[in-house]
Amino acid sequence: MLSAGRRTVCNIPSVTSTAAMFKDRYLVCGHTPTPYYTGDLDCRNARIFRSGMLIAIDCGCVFDGPLGCICLDTMEEIYV
């Protein structure tokens, strides 16, 4: 885990190393709000997080963030 001040955020190296195992495929995941990857922890302006072949789409809707969706054909991001 990484630390941002007093708050603990997601361990990006372990998530991106898992995505690296699938070099020819995207790994789309959720559950962890995307602001946790950057250390921001404020979900109100959250956006889809991309790192290599990893796409994290959980923008923290339950924490007043937007509902993030992505079209895998065009990579267009849609927020509700």
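In which strand is the place of V28? In this predicted model, V28 belongs to strand 3, which covers residues 27–29, and the legends below begin with the surface around this residue.

**View 1. A nonpolar patch on the surface is formed by Y26, V28 and L72.** Together, these three residues have about 280 Å² of accessible area.

**View 2. Y37 and F49 make up the 1 aromatic pair of the structure.** The centres of the two rings are 4.8 Å apart and their planes meet at 10 degrees, which is why the pair counts as stacked. Because Y37 is part of helix 2 (residues 35–38) while F49 is part of strand 4 (residues 49–51), the pair ties together parts of the chain that are 12 residues apart in sequence. Both partners can also be described by their accessibility: Y37 has a relative accessible area of 6% and is buried, and F49, with a relative accessibility of 16%, counts as buried as well.

**View 3. The charged end of R47 is placed over the ring of Y79.** In this view the distance to follow is the one from the charged end of R47 to the centre of the Y79 ring, which is 4.2 Å.

**View 4. R50 and E77 are joined by a salt bridge between their side chains.** The N to O distance in this pair is 3.0 Å.

**View 5. R44 and D42 meet through their side chains in a salt bridge.** Here the distance from N to O is 2.8 Å. The two residues fall into separate accessibility classes, for R44 counts as exposed at 57% relative accessibility, whereas D42 counts as partly exposed at 26%.

**View 6. R25 and D24 form a salt bridge.** The closest N and O atoms of this pair are 3.6 Å apart, and both R25 and D24 are exposed. The count of salt bridges in the structure comes to 3, and this pair is one of them.

How values were computed. Residues are numbered from 1 along each chain as its sequence is written. This is a predicted model: local features need pLDDT of at least 70, side-chain atom pairs count only at pLDDT 80 or more; totals for chains, interfaces and linings use all residues. Side-chain values use heavy atoms; hydrogens and water are left out. Rings of Phe, Tyr and Trp (its six-membered ring) pair if their centres lie within 6.5 Å; planes under 30 degrees apart count as stacked, over 60 as edge-to-face and the rest as tilted. Helices (H or I, at least four residues) and strands (E, at least two) are DSSP runs, numbered from the N terminus. Buried means under 20% relative accessible area, exposed over 50%, partly exposed in between (1.4 Å probe, protein chains only). A charge sits over a ring if NZ of Lys or CZ of Arg is within 6 Å of the ring centre and within 35 degrees of the ring normal. Patches are made of residues with over 30% relative accessible area and no salt bridge: like charges are joined within 9 Å, nonpolar side chains (Val, Leu, Ile, Met, Phe, Trp, Tyr) within 5 Å. Accessible areas come from the Shrake-Rupley method with a 1.4 Å probe; for residues, only the protein chains shown count as cover. A salt bridge is a side-chain nitrogen of Lys or Arg within 4 Å of a carboxyl oxygen of Asp or Glu.
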